[in-house]
Structures are given as C-alpha cells and as structure tokens.
Amino acid sequence: MAEKKEKTKIDSSAEIADKLTNLGEAMIKEINANQSPSFETRLRGRGNVIYDEAIGCLRLGEKNETRTFVNVGQAKKFMQTVAVANKCKKFLKEGAHTSIRGLFYQLKFSLGEDLDEELFSEQSESNPLIEDLEVTLDVKREDLNLNTDRKGVVAGPMTLKDKFGGGEVEIDCTKQGRSGWMIPSDVDNGMEFKSVDADYVLVVEKDAIWQRLNEERYWEKENCILITPKGQASRGCRRLIRRLANKKLPIITFCDCDAWGWYIYWAIKTGSMNLAYLANDISTPEARFVGVTMSDIKKYDFLEKLTIKAKDIDVKRAQEMLDYPWISRHKDWTRELKMVLDTKKKIEQDALQGPRLSFVGEYLREKIGKKEFLS
Amino acid sequence: MADKKSEKKTPVKSAPASAQKTLADVPEILEKNAPSAKEAKAAKEDAKSIPAASQKTLSEVPEMKEMSAAAAAKKEPVHADRIFQKFQEHSVAEFFKKNRQMLGFSGKTRSLTTIVHEYVCNSLDACEEAGILPDITIEIRELSEEHYSVKSIDNGPGIPKKHIGKALGMMLAGTKFNRYCQQRGQQGIGATGVTMFAQLTTGKPIHFKTGTGKGQIYTGELSIDVRSNNPLITNDIEFSGEFRGLEVEAEFAEVKYDKSSYGVSEYLKRTALANPHAQITFIAPDAESVTFQRSVMEVPKKPQEVLPHPLGIQTGDLVEFAHHSDQRKITSFLQAAFTRVSPAKIDELRLLVGVDLDKNPQEMTWPEAEELVKAFQKVKWISPATDSIIPIGKAQIEASLKNILEPEFFAVTERKPKLYRGGIPFVVEAAIAYGGGSGKRIGDGVQGDIVRYANRAPLLFDAGGCGITEAVKSIEWRRYDMKNFDEMPVTIFVNFVSVYVPYTGAGKQAISNEEDVVIEIKNAVMEVARLAQRYIHGVFRNKDKATRRQAIMRYVTQLAKDLPELAEEGKSKQLEEKLIKLIEEKYQVDDALDEEENGTSDDKGNEKDDDEGKEEKEEE
C-alpha cells in the first residue's frame, strides 16, 4: 500500500467518483445476498501506527476492521459513512468544494419525523468518518472535494497552473510580492507544476523569518523555493513539500531550537501519528534540518546570551521525541535532544537577528553551503 | 465462637422453645439465681406447692438483674424468701411489660405481627398434631388509631374445656423438658403472652370459642388474674354445634397495621409459602381479603422428639434440666438427659472439667454448667440422628412457590443434612423464584427479596444480622446474571431446618452467622441461582435483542435512501425491505425460552455479536 502511494499520478475526480460508486455497489451486492452490508477500513488508532524504516515514514499497519451495518455498535456510523460518501460523490459530480464543516451542515438533518435523532448533530461525528472514507478508498479528503483551512506561504522560482472554479490561472511564485502565494488546501487536483527552477527548498517555521528572507529576496539570491508552514505544517503544505521533493529538490528545514520547532520538522519528515493513514503522501523523509541547533549556541557565542529557559512542556516534548524510535535512531538528534534535557535551554530562530537583521540569511547561506545538516 | 459468647448473655435465645407451653424465660431466672442450687430447689418446691409459682419466678426477672449481678459478684446466694417476696411485689404484668421486647412486642407493627404469629403457630401446630390440613383465617379490623381487633379462626382439633384456660391464659413452665424436637420458631410466651398484651393495652379480656367437633361448643371471655397468674374465664357458655377448631378474638392497642415487609400480610404470605399444606385467609383492615390456597394435601410429618445433644445445649438449659432431674449424680443425669453421652464420654469430660460430676445435678451451679458446656464443645461426639429433621420438601416448596408467587421461573434445592458446631445436623432448603409475584414490591418498583425461615417459621426482623442474609449477600450475583439483584423480581427462599436453631437473640428473628451454616446456605442458594441463571440470561438476551433490533432499525430508511444514489443502482424501497428482513433474522427474539437448548448454533452467533459489541465499546 505504501509503495502504491509513491505515485505522482493523481486520480481524476471521475475516477474518485467511481471508487465511491463501487463502494455502494459492493454493499448492495451484499444486501442482495442476504448479508449485512459492510466495508473494510484500516484501524487508525495509535496501536496500528508503525514506522516504516524502508520508506522512512509513519504509516498504518495491517490491522483491518470490517464495518458492518447489522451490528448495534456500528449501525449508526455505517449509515452515516454511506451518507458522507454519497454527499462527497455529489460534490465531485458538481465540481464543487466545501470544508468538512460545510459537509457537516449538509448532513445535519433529522432522520425522520418519528425519530428524535439527526443524521449528524456534531461535527465531531462526521470528521472521523471522513477519515474512514479516505482510508477505505485510499484517497485524501481533498480528493473528495473537501477543503481544509489554508496555511503556508511560498515564494521562489516556481510557476503553477491552477484550474479552479471553471477557470485556469498561472501562478508565478516570484511575482507574489510581500505576501507570497498562499498554499491551497488541495495542491493535487487541478494543480500542476509548470516549471520549478530552484536548487533547493527552504522551509522556515515562522512567518516572521519568511518575511525577513522574502524582503531580502533570499529565494532569488539562493535560487530556492522559500516556504513557511506558519508553525505546524498543514496537509496542503506537507503535500506541496512532498511534491517538490518528488522533483528531486533537497528539502531544508529551518525551525526554532526547541522541541516544538523540531517536532514541526519531524512531522514534515516522517509524517505524524494522526495522519499516518496518508503516510508517504505527505511525508518527506528526504528533508534535512539546518537549524537552529543546540550546537549553534556554542558555535555562535552571541547566541548564548539570547537563549531562553525551556518550559516544562519543551522538556516533556524533548523526552517524548527521544522515546520515538524513528527519532532516537538518529545519533545527531539524540545528542541535540539530550542537550535540551541537560541545559533546559532553548533558542528561537528570531534570535539570529540579534547581531543584525541580515544575519539570518548569512547563517543559512553558510550552513547550507557547508551542508551542515542534521539528519 | 460467636455462639459461645452469646450463650452467656442470653440463655433464652437459642433454647428451642416449645410452643406456648414453655416459658422461655425460666432459664434466665434460674441463671440469675444459679449460684444457689438450694434456692432453685426452694423455688421449685414453691412451684410444686403453688401451681402458679413458677410464673412468679418469671415475674421478677427484670428486677433480679441488678440483684443477681451483685449476688453473683459476691458469690453470695440470694435467699429464697427474698425471691418469693419479689414474686409478690411484681406481677406477671410487670414482667411482661419489662420483657416486651424479648417477647416480640416491641414496635407497633411488630407487636401486631407477633400476635398473628402466635395464633397462627398455635393453629398450625395443633393441626399438625391432629393430622388436620389447616384452614386458618386471620381478620384484623381497625377500631381507632393504633387500636385493632384481631380474630383468628382455625379448623384444628379445638381445645377441651378444661385446658382452654391453660392454653390461653396461663404461663406454664417445665414442659420443655424432653420436648426437644424441631419446632416452629417461637417468639415468646405464646398465646398467653397475647392475652396479656390485650389485657395490658385495652384492659379487656379475649373472646374464645372452641369446639372439638363432637357437638359441644364452648365460648367465653378469658383474662389473666395478674396477682395469681391464673386464667380467669367469664361469661362462658356451652352449647351444641358442629364447630371444630379454635376461634380467638381480642382487642389490642399500641399496635399498627401496615403493609411493610414487617407487617401481618407479609408474615402470612411467607407462612403460607413455607406451609403449603395450610390454607390461610387474611382479611385486612381495609376489608381486602387474600387467601393463600393450600397447594399440597399432605400434613407434614410430626417432628420426632429427641433427647438434646450436648453440642446443642446452652448453659441456661443445662442448669434448668439439671435442676429438674431426678437423677442423683450429674453423670447419670447427663447420660439420661442427652443423646450420645456414654460412660466413655463421661470419662473424657472428667478430664476436661473441675466440676464434681458425682454430685447431685440439682446442685449444679451456673458456672459449673458453663464449664460443662464449654467442655462439651471439646469432646468428639457422635452426631445426633438426622432423622429428626423434617424439611418442607422440594415438591412442597415447588407447589407453594407456583401457587403463591406464580413465578416465571423457579428452582428448589434438595440437599443432604450438614453439621455445624462440629455435630449439630441441619438442612438448608433454598429456592429461587423469578418474575411473576417474586420480589418485594416497593411502590411501582421491584426489589430482590430474601425470605428467611427457621423451621418454616418466617423470620421477618433483624435481617441485617442474620446468617441467611449474610450468605445471600456474599454471593457474587453478577455471575448468575443477577448483578442488580436488588432491583430484580427475584425471591430467594431459605429455610433453615434443625432441632437446634442457632438464633442470634431472644427475639428469634435471625440465625447466627456460624461459618458452617453460612457456607451451606450460600452453597444452597448458589445451586438454585445457577439454575435460574440460564433462564434469566435468556430473558435478558431477548430483551437485549429487542433493543438492539430497534436501535438498528432506526437507520434503515436513511441507509436505503443513500445507497442507491451512491451505487447508482437498486431501489430504496426494496433495499429497505431486505435490510429489515436481515435485521429481524439476526435479532430474532426467542418466544419460547424453553426451546433455547435446540438453538445452540443461533446462540453462538449471538454471542459472537455480543463480543463484537464489547470490542467496539472498548475501542471507543
């Protein structure tokens, strides 16, 4: 399954609609055979998340689960899942997109006059069923015309074709000014790279640093694609990074020197537990970490004065990360994390502006030039 | 352990009181005065010369308490004259008043229940002795607040004219000897106590009517001359008629009728349950009448009278027996008055006690008796014969459960006699009834009910301290699908049958929680619980299945609406019909639970489904 996902070819909405149709057909077949309609899905619980060493990312294990209608514990969810599937199929046919909240409102109605019950009464009921469908059909929610909130900004030598709402526009990421190009929820359907002429991709945790580098036209000087996920990377942002990595561009990440910043890096690199079902569709094991590192504090003595005390949550997170086998297997990272535990210090990427505003760029240029990366 | 302790405090309590003829309190008096055998002797002589003297002895018990305590401390015997003086000063009435509690006349509801209990027990005993199937009617009318009249009519042998006074108006002592047999629990001093209570609370005599069926009917009014303790019969007439039996009517104040589980109706219901050969009619103050029909046509076997066994004796009884013995030596007294006491056992006893076993039994002191009773527990005795135990019987209990509770399901044990205190035989009869009239009704709700009996006499009070309750509560009801035992229509029936019932107190309303007894009761109840579990499991599963089916049915319409759109094939209506059929097949309710055994494959399917349900829950 994981290998299968290495594809770059994107199913057309018609193909995805067919998947939904097939799901329904199989259920009707079962009913006609006097069996309870059912479908298979993969368990998404933490118990079924594994780290796949071969591809270097978190993915779901092989634990499957059959959902069936004629079972008290499952009947309602089953009926709801089919309702979600049917609704998404309509969106695909109409070529219209909505959010998962929009979907929820489309399905929030009474089950009947004599039943004091709604199909859905909380969005928290519909959200996990969308994930069920994603896993069952091996698609992403974006493929089902369900948008997520946009987050993340890009600038750099890259042009894209965006077919959307019946029109088509070309986006040149060198011409997005101070705001940059905002990464959409879905970077697959109706999105095509026209040209990517960069040497590498630089992912910068914080928007503030991105703005600093954009002002410097760092992406132009270094011929790179400059991305900020603005904190934890969204699905769309992670997917974009994956697609750029597919174009053999090195992915270099620049985060705060604290557990949170590092976790942002690891989520991009190996994926996260919650999205393990998307596995290598959104993870980029090739990514490397340029800074800020604990070793930098020693190397650049002015940084010593700019450190701040690590909070309990930072220390706790560092400990957790040490416990993740896919992180602790990297000796350089173990060393870094232990340093956090020992010194109880952290440093923000913004601190690199301490000596002068342009120092951030100088720092990056030097480290990237020397390929001083953490794995 | 527990019994030994309590033995000292209340010698009366586990003495198998014999019907109304026995004064349960005699041993107590003797106990108090035990230090002096002479006095007891003197008292006994008094009793001989003055017929009513023995009751007088009773009358001073409460007063004697301080005195005897002091006397005992000083080890100085109280002189008989002083005791006699006390007799004069304190009447039977006084005695009754001071011992009301012990006699079952504590609390307004309980007093009324005790009254009915005494009459019903007398009637049942009399019928049993005469081989008559009892037909008993109890009628209670409310005269004013806390003032009632109680009428009891039976079809027993009746009481001959010359005995009626004794039976209803005289407290007799001494007939207990050699009347060791399995008897209905006896709360106090029988019908005489009831007469006393009527007299004390209303000042009125009781009415009686008796006939032996031979054409003569004798009626009159009866009261007790509290000074002489003699029955006083007035307004009596004799006439011809066909009546056979005894009718007693009396008025009582300071009593209250209610429908609680301590009340008369519950008492009669339970009595009827344990006495399926009796027909009992109750006419309540609200004029509602209920008849518990006879369900078996056999008069129970009369319990055999047996000699007491050393293990079943308590200090008070021993003193009493010894003082009434004609034997010259304690050794011969023990061999004559008890079963299983052989010369060899006497030799064993000699080594265990410092008591001079060759002295006259009439000189036995309380401490000596105490020492002997303790020694009895150390000797290995041959167990008493078990043939003196007469249970109600499995078929009989089944018949009465069916008849009175009309349960959906019931099961009754039939168990072998067991021993407690190392040698006293007893039998536990346990039954369980589910559904129908089983359980305790509280408003609209139902509660699990434990109905306790000792020798088929209902134990209504002191449930908390009873070994039966303890045994039932200690069962893990969850294992029998009765986790919510307290909220289920379940009746647990336990009858403790033995010549020696280890009551916890003088009120004789609870069985002591001796380990052997509690274990046997628990085992007996678990035996019937296992049988009930099969049935109850089925009931729950059906109920459960119906709920499950309903839960799934809710979603059929919506699913049948979405599926054809999603699949672009099929029709909603047909799909809906098929889905309904599917669900109905899977959650089929067994109409007849009895057929369950045939449907094992179906069972498995359902169990699997249950498991799935659990997994799902855990996961969530």
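Predicted model: local features only at pLDDT ≥ 70, side-chain atom pairs only at ≥ 80, totals over all residues.
The model scores ipTM 0.81 and pTM 0.53. Residues are numbered from 1 along each chain as its sequence is written, and chains are lettered from A in the order in which they are written. Local features need pLDDT of at least 70 and side-chain atom pairs count only at pLDDT 80 or more, while totals for chains, interfaces and linings use all residues; side-chain values use heavy atoms, with hydrogens and water left out.

**Confidence in chain B**

- The mean pLDDT of chain B is 78, where pLDDT is the predictor's confidence in each residue, from 0 to 100.
- In chain B, 76% of the residues reach 70 or more.
- Residues 1–75 of chain B stay under 50 in pLDDT, and the model has 163 contacts beyond four places in sequence for them (a contact means heavy atoms within 4.5 Å).
- Residues 592–620 of chain B are also below 50, and this stretch has 27 contacts beyond near neighbours in sequence.

**Chain A as a whole**

- Chain A has 14 helices and 17 strands; helices (H or I, at least four residues) and strands (E, at least two) are DSSP runs, numbered from the N terminus.
- Of its 375 residues, 58% count as buried, that is, under 20% relative accessible area, with exposed being over 50% and partly exposed in between (1.4 Å probe, protein chains only).
- Among contacts in chain A with a separation of 6 or more, 73% are between residues 24 or more positions apart.

- The size of an interface is often given as the accessible area lost when the parts come together.
- Here the buried area is about 3,000 Å², taken as the accessible area (1.4 Å probe) that the two parts lose on being put together, summed over both.
- Carbon and sulfur atoms give 62% of that buried area.
- The count between the chains is four salt bridges, a salt bridge being a side-chain nitrogen of Lys or Arg within 4 Å of a carboxyl oxygen of Asp or Glu.
- Lys90(A) forms a salt bridge with Glu565(B), with the closest N and O atoms 3.0 Å apart.

**Salt bridges within the chains**

- The whole structure has 63 salt bridges over all chains.
- In chain A, Glu362(A) pairs with Arg356(A) in a salt bridge, the closest N and O atoms being 2.6 Å apart.
- Glu362(A) is partly exposed at 29% relative accessibility, and Arg356(A) is partly exposed at 40%.
- In chain B, Glu527(B) and Arg415(B) form a salt bridge with the closest N and O atoms 2.5 Å apart.
- Glu527(B) lies in helix 18 (residues 515–553) and Arg415(B) in the loop between strand 9 (409–412) and strand 10 (418–420), so this pair ties together parts that are 112 residues apart in sequence.
- Lys581(B) and Glu585(B) form a salt bridge at 4.0 Å, N to O, and both lie in helix 20 (residues 572–586), four residues apart, about one turn of the helix.
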